[in-house]
Each structure stands twice: as C-alpha cells, then as structure tokens.
Amino acid sequence: MEKEKFTLGLELPTDPRWVNIAQKNIKDILVDHAYCEQKAASACISLIINFPEMDEMVKVMTPVVAEEWSHFERVLEQLEKRGYKLGSPRKDEYVSQLMKLEIKGGSRKFQLMEKLLINALIEARSCERFKQLHLYIQDDELKKFYYELMVSEASHYKNFLQLAESYQPKEEVRKRWGELLSAEAEIMKNLEVREDRLH
C-alpha cells in the first residue's frame, strides 16, 4: 500500500520556523487570519454568483458562506479581547500564486472544477496551519480556538473536492488535484516565511 501522503494530501509540511515566529507576532497573524476568512466567504459567494445553474454547488456552498463569515467574526472577537485593531488587508502572495495555476477556458463544469480545486488547496493549507497553531502556540484560548477551526476547515476542503467530482469525471479530478498538490508544494518551498501571514 502506498504510504499515506502528508496530512490533507499536502506534499510539503509547513516550515517549522513559521509557528515559532507566528506566536511572537500573534496580532499580525490574527489580522491576516481575519482577512483570510473574509476572502473565503467572498470566494464562496463568487462561486454562487458565477455558477448559479450548478444547483448542488449552490446548495453546498450557501451554508459554507455563513460559516466562513462566522469565523471572521470569531477572529475579530479574538483581536478585540487582546486590544488589537483589524487594520488594513495585506496582499496574500500564496493565494496570488495559486490563482495563476488555474486553467482558463473549457466547459462551464471544467471551469468550476478548477475553481473548486484551488479553493480546496487554500482550505487544506489553512487547516494545516491551524493544526500547527493548535499544537504549538502557548496561548491556551487560541489553542482551543484553532483546534475548532482546524476541524471546520477540514470539512470545507472535503466539500470542494466532492463537489468537483460531482461535476467532472473522478479520474480527471484526481489527476488535476495531483498536479495542483505538486505545484502548491513548489509555491510553499519558495515562499518567504512571514511572521505576519497565515499562509
């Protein structure tokens, strides 16, 4: 049996230096995290707006929008508890590079598959980062907080993959998913380790 890949299918684990510097810069991590949740909700809304005829996708994504927005609100609460302000959004280099991997054109269902798989990657990496924070951060309240979000993001990641397989042949989806996982690993390998970014 093939050895199971790193958690969530990701090929490259987070650089261990990241969580060490993240906990020393928790304000910046929480601010960036808040905007990540806001963007996740917006991404789901965008799918619904751009593919309204995909009934199953609309049905699955609608509650995810509400959940992602509730995560945004919960991160805001954590900021407020610590006397921090939301501040301005930052450019997400990780997501920008992932978006360049999207293959344009093709059928509507193919286009949807591409967007679903890239969203699945973002959710998987977020989940993996939440796990690192849960395991290694020293703040007990944030440990619990990131454990809860880790569980939630894992279910979102699966939703995106299952939806992709409902619109395109399973073999095609899995082949493309493998390509994207390899490309994501290369992005992570070359991405600067930042103390003020969730990704």
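Visitor: Which way does H1 pass H5, left-handed or right-handed?
Guide: H1 passes H5 in a right-handed crossing, meaning the near helix is turned clockwise from the far one by less than a right angle. Helices here are DSSP runs (H or I, at least four residues), numbered from the N terminus. This is a predicted model: local features need pLDDT of at least 70, side-chain atom pairs count only at pLDDT 80 or more, and totals for chains, interfaces and linings use all residues. Residues are numbered from 1 along each chain as its sequence is written, and side-chain values use heavy atoms, leaving out hydrogens and water.

Visitor: At what angle do the axes of H1 and H5 cross?
Guide: Roughly 65 degrees, with the axes of H1 (residues 16-24) and H5 coming within 10 Å. Axes are lines fitted to C-alpha atoms over the stretch in contact, with angles from 0 to 180 degrees between N-to-C directions. So H1 is roughly perpendicular to H5 (65 to 115 degrees counts as that).

Visitor: Which residues make the contact?
Guide: Trp18, Val19, Ala22 and Gln23 of H1, with Arg129, Gln132, Leu133 and Tyr136 of H5. Contact means heavy atoms within 4.5 Å.

Visitor: New topic: how many residues has the largest nonpolar core?
Guide: That core has 36 residues, and Leu47, Met57 and Trp177 are among those with the most contacts inside it. A nonpolar core is a set of buried Ala, Val, Leu, Ile, Met, Phe, Trp, Tyr and Cys residues joined through side-chain atoms within 4.5 Å; buried means under 20% relative accessible area (1.4 Å probe, protein chains only).

Visitor: Which helix gives the largest share of this core?
Guide: H5, with 10 residues. There's also a second, separate core of 24 residues, including Val19 and Ala22.

Conventions:
Buried < 20%, exposed > 50% of the residue type's maximum accessible area, 1.4 Å probe, protein only. Helix = DSSP H or I, 4+ residues; strand = E, 2+ residues; numbered from the N terminus. Parallel < 35°, antiparallel > 145°, perpendicular 65-115°, else oblique.
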